[in-house]
Amino acid sequence: RPPRDRYDAKSDLGPSIFCVSNKTYKRTDLTLRNPHQKRIRCSHFEPSTMERATRRLPAVIYLHGNSSSRLEALPVLSPLLQRGVTVFAFDFAGSGLSDGEHVSLGYFEREDVEAAVDYLANSGTVSTIGLWGRSMGAVTALMYVARGHHSISGIVCDSPFADLQVLSKEFAESYLQIPVPKLMVSAALEVIR
């Protein structure tokens, strides 16, 4: 498996209360459980109570790429928060500080997205939900909405891969440093599904 992104939540996620353009925001860390009962470590970035314009604000769920974590969402905080959009970021199962040892490059990660969407939809503080994914996260967003989840208002897909078989062959060859037969990759993917 590719290396797992390891970090310290207290220091690497920044302070729990912070300022952007002279407005105060807060980060709330929480843990959700996916359908397989794996703990999913999350952070919700939103205006402080004093800065909140309305009770319900739009939210974007940021979906990180392979071998990454919710830290990947940090660069999008400023532009989204300044526009009145909250940001919900989490570590997929098998990534960052969440439970699990493996990722499926989108297939099972859809269930982590569902846990996040359910949490936000039931929070009473979110008006609409969008997804912003990069690489594996972009593919996960596409796979999630393809299941017919109509509660998503929009998605941003940054660098999704088009063919899991081609991607898997490239990963295997880069880590094994030898050519891998296409039949072997096909068989491995069949077992995983």
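## Overall architecture

From the N terminus, the elements of the protein run α-β-β-β-β-α-β-α-β-α-β-α-α, a total of six helices and seven strands (DSSP runs, H or I of at least four residues for helices and E of at least two for strands, numbered from the N terminus). This is a predicted model, in which local features need pLDDT of at least 70 and side-chain atom pairs pLDDT 80 or more, while totals for chains, interfaces and linings use all residues. Residues are numbered from 1 along each chain as its sequence is written, and side-chain values use heavy atoms, without hydrogens and water.

Of the 193 residues, 44% count as buried (under 20% relative accessible area, with a 1.4 Å probe and protein chains only).

## Helix H2

Helix H2 spans residues 74–81, and its buried residues are Val 76, Leu 77, Leu 80 and Leu 81. Seen down the helix axis, they fall within an arc of 120 degrees (taken from the directions from the axis to the C-beta atoms), so they line one face of H2. They pack against six strands: S1 (17–20), S2 (23–33), S3 (39–47), S4 (57–63), S5 (86–90) and S6 (126–134) (contact means heavy atoms within 4.5 Å).

## Aromatic residues

The whole structure holds six aromatic pairs (ring centres within 6.5 Å; planes under 30 degrees apart are stacked, over 60 edge-to-face, the rest tilted; for Trp the six-membered ring is used). The rings of Phe 18 and Tyr 25 have centres 6.0 Å apart and planes at 25 degrees, so this pair is stacked. Phe 18 also pairs edge-to-face with Phe 45, at 6.2 Å between centres and 70 degrees between planes. Phe 18 lies in strand S1 and Phe 45 in strand S3, so the pair ties together parts 27 residues apart in sequence.

Phe 18, Tyr 25 and Phe 45 form one aromatic cluster. Relative accessibility is 15% for Phe 18, 4% for Tyr 25 and 1% for Phe 45.

Key:
Buried < 20%, exposed > 50% of the residue type's maximum accessible area, 1.4 Å probe, protein only.
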